[in-house]
Amino acid sequence: MCIFITDSDESHQSNTTTTIVGVTYDDGVILGSTDIITQLTANVFLCHCALGADTQVLLEDARNFLDQETTATVAAEIVGMVLSAYDINNKKNMLQTGVLLGGWDKNGGGKIYEIGFSGVVMEKSNFGVGGYGAVDLNDFLEKEWKKGMTEEEAEQLVVKALSLNNNINSACGGQTASVNSKGFTTAFHPYGTLPIKAEKLELEHMNEKYVGKLELENVNEKPLLECIRAHLLLLLNINEGL
């Protein structure tokens, strides 16, 4: 098990603690984020690790250029154009993946795209990542992604990937959105249900029970120890008297 802390490559580092991930499976694609997932059309969703608070508004405005029949490919191109036209002050992150977009249509099936803050669009065949821990997360998915996964298996993989973000606390969780030939489903995964976090909570609970048991045993043993000590002192006094 690996919990990533920071990216090892400075050119990929992010100034956000948000992790975004997308995975293709047998009949579609699923996106996951430790922050917000935005629905653009009936079958297209995106998540982002923003450079500023206004990025969310910007991406939502991209819906004005889409209709419900827009494919993921076209939506990705439009989002890319919107980002490229936006004046981003922090130029050093222009090549970093800022947006993951995923969708499904009857002609292309499930599609996933990484979109840089500069507007560069790249289609990904298996998975896409961005934000906090992207380098380590990419290595993790290289090992764990499997061709022909079911929707359930893909969701479990995405949720596990999100749980590797050590910035998630008990007040947070992860969000997922899955799109396939049957439509879409969204879900929120509370902190305690995230695989790695659940293990951590269980260990903490076991530790608390163990410490509590030791404290209780110490309380129960204290009178006995005092009694033995008093008895020994009594014997010493008797021996000195003799």
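This is a predicted model: local features need pLDDT of at least 70, side-chain atom pairs count only at pLDDT 80 or more; totals for chains, interfaces and linings use all residues.
The chain has 242 residues, and 42% of them count as buried.

**The whole chain**
- You can find five helices and 10 strands in the protein chain.

**How α3 and α4 are arranged**
- Two packed helices are described by the distance between their axes and the angle between them.
- Helix α3 covers residues 134–144 and helix α4 covers residues 151–163; their axes come within 11 Å and cross at roughly 150°.
- Because angles over 145 degrees count as roughly antiparallel, α3 is roughly antiparallel to α4.
- The crossing in which α3 passes α4 is right-handed.

**Where the two helices touch**
- From α3, Leu 137, Phe 140, Leu 141 and Glu 144 take part, and they meet Leu 157, Lys 160 and Ala 161 of α4.
- Sorted by type, the residues of this contact are five nonpolar and two charged, with no polar ones.

**The buried side of the story for α3**
- Which residues of α3 are buried? They are Ala 134, Val 135, Leu 137, Phe 140 and Leu 141.
- The cover over these buried residues includes α4, along with strands β1 (19–25) and β8 (127–131).

Conventions: Residues are numbered from 1 along each chain as its sequence is written. Side-chain values use heavy atoms; hydrogens and water are left out. Axes are lines fitted to C-alpha atoms, for helices over the stretch in contact, and angles run from 0 to 180 degrees between N-to-C directions. Helices (H or I, at least four residues) and strands (E, at least two) are DSSP runs, numbered from the N terminus. Angles under 35 degrees count as roughly parallel, over 145 as roughly antiparallel, 65 to 115 as roughly perpendicular and the rest as oblique. A crossing is left-handed if the near helix is turned anticlockwise from the far one by less than a right angle, and right-handed if clockwise. Contact means heavy atoms within 4.5 Å. Ala, Val, Leu, Ile, Met, Phe, Trp, Tyr, Cys and Pro count as nonpolar, Asp, Glu, Lys and Arg as charged, and the others, Gly among them, as polar. Buried means under 20% relative accessible area, exposed over 50%, partly exposed in between (1.4 Å probe, protein chains only).
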